[in-house]
Number of protein chains: 2
Amino acid sequence: MTYCVAMRLQEGLVFVSDSRTNAGVDHIAVFRKLYVFGLEGERILVLQSAGNLATSQAVVTLLRQRIQHETAGHLHSVKTMYDAADLIGQTLLEVTNKYKGQDADFSCSFLLGGQILGEDPKLYNIYPQGNFIAATQDTPYFQIGESKYGKPILDRALYFDTPIDKALRCALISFDSTIRSNLSVGTPLDLLVYQNHSFHVPQGRRLFDDDPYFNMIRSQWSEGLQQVLAQLPPPPSDYWQ
Amino acid sequence: MTYCVAMRLQEGLVFVSDSRTNAGVDHIAVFRKLYVFGLEGERILVLQSAGNLATSQAVVTLLRQRIQHETAGHLHSVKTMYDAADLIGQTLLEVTNKYKGQDADFSCSFLLGGQILGEDPKLYNIYPQGNFIAATQDTPYFQIGESKYGKPILDRALYFDTPIDKALRCALISFDSTIRSNLSVGTPLDLLVYQNHSFHVPQGRRLFDDDPYFNMIRSQWSEGLQQVLAQLPPPPSDYWQ
């Protein structure tokens, strides 16, 4: 499985992905699920994938090849983020259509976030069918993959105007909850933040199991939760006796 | 959908169920999913259901009818909780086998907890296939239905030796997380606590939306989480810039 979250906030875009893939519990590997495209000063596009690994790798490879070998109709030539999302959706269908009719799940989903000069930053959730929806101020984040364990903290604490550093803590806690409850999601995590209108293609960072900051907030969060739980008043005596 | 959780703890058994059923988002209703069987002083059996409502109602009705009309092979005659779980599993198959071969999902799962004189308290998770597993000290709780949103808090805070009043708070927080993130799970909640070796069939309690205690801990929990999150140290500056 996989877990990816992307946020489109007032200050910028935040992306975090895990890197565990599994075909059964005895076939576990590490694969990056966060891909960066862009031209410094002009466009930045960050893609995250969940689902069939052969499909997502094929889509990303075709997208990269076409940047190198085609003169138009690729991620470095499209004029808008909408066109970029559509191109990815169509490339996804091009790949999955090859394997149609076979009894296996070749599907995959993508999150695409970024900014192209002349537009505001955008974030899209691209479905296995190739169509997509955009994040709004009301719904500033998307998840793909094993999303349920990590959703409550986002629903409680993440808003469009949440500052990036707080949103990042929130994302890491969301990953902590998912990793604790589901074996198929695991470190290292790939993390990338884009500051709106910077048109700077960031390096991103990979967090390993022994990352001191991640481990510190994981344990502080866990202790904090225990304390909040312990401080909740006990149920009234007629409540359950 | 549905969300039910049951816990088998050192002090007793804790059961909480929601009561929302839906066949599409425009067909929502309230149905109890927690059923109590028992003979004061001799046995207590608590059943929770998730899945096809026609199936679970049929199973519960057959179980009740047979207590009234049969002399043996029913929930008030079986000698052990294992036999009770097996009886429920077989009754479930009896019902679903009637509808076999049709293209619809008739399946349903049950949690069964309780105690019969001469045995320790038990908790079983009965699968749609009719077989079942028992809770242990290592794994003191089961969930059925929409279980993922509410799992992280249980994984962090619930142990076999957790006192009942704390376990109950933990269960209610687990429901709060689920209700916030998934429309198909809703109040009222049915709540029941059995104190081990009491052989007392408890009344249970129904918590409505305006329950003052539930609302108090929901808001205290939410505020507490926000505070813990705000107090986490911000990421190091080289972490994402």
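**Sheets, helices and the interface of chains A and B**

In chain B, strand β8 (residues 122-126) and β9(B) pair in the antiparallel sense over three bridges. Helices (H or I, at least four residues) and strands (E, at least two) are DSSP runs, numbered from the N terminus, and two strands pair if DSSP finds at least two bridges between them. Strands of a sheet pair through backbone hydrogen bonds, either parallel or antiparallel. Within this pairing, B:N125 stands opposite B:I133 in β9(B).

The model is predicted: local features need pLDDT of at least 70, side-chain atom pairs count only at pLDDT 80 or more, and totals for chains, interfaces and linings use all residues. Residues are numbered from 1 along each chain as its sequence is written, chains are lettered from A and ligands numbered from 1 in the order in which they are written, and side-chain values use heavy atoms, with hydrogens and water left out.

The open sheet of chain B has five strands in the order β5-β6-β7-β8-β9, with antiparallel pairing. Strands β5 (34-39) and β9 (132-134) of chain B are at the edges with a single partner strand each, so one side of each has no neighbour in the sheet. From one strand to the next, the twist averages 20°. Axes are lines fitted to C-alpha atoms, for helices over the stretch in contact, and angles run from 0 to 180 degrees between N-to-C directions; contact means heavy atoms within 4.5 Å. Helix α1 (residues 53-69) of chain B lies across β5, β6 (43-51) and β7 (108-116) of that chain, at about 15° to β5(B). Helix α2 (residues 81-97) of chain B also packs on the sheet, where it touches β6, β7, β8 and β9 of chain B, and its direction makes about 155° with that of β7(B).

Chain A likewise contains an open sheet of five strands, ordered β5-β6-β7-β8-β9 with antiparallel pairing. Its edge strands, β5 and β9 (132-134) of chain A, each pair on one side only. Five bridges join the antiparallel strands β7 (residues 108-116) and β8 (residues 122-126) of chain A, and A:F110 stands opposite A:I126 in β8(A).

Across the whole structure, 22 salt bridges are found over all chains, a salt bridge being a side-chain nitrogen of Lys or Arg within 4 Å of a carboxyl oxygen of Asp or Glu. One of them links A:D190 with A:R32, the closest N and O atoms being 3.0 Å apart. A:D190 lies in strand β11 of chain A and A:R32 in the loop between β4 (28-30) and β5 (34-39) of chain A, so the pair ties together parts 158 residues apart in sequence.

The contact between the chains takes 49 residues from chain A and 49 residues from chain B. About 4700 Å² is buried between them, 64% of it from carbon and sulfur atoms; buried area is the accessible area (1.4 Å probe) that two parts lose on being put together, summed over both. A:R156, A:Y239 and A:W240 supply 20% of the area that chain A buries against chain B, more than any other three residues. Four salt bridges cross the interface. A:K148 forms a salt bridge with B:E146, with the closest N and O atoms 2.8 Å apart. The largest share of the side of chain A that touches chain B, 14 residues, comes from α5(A).
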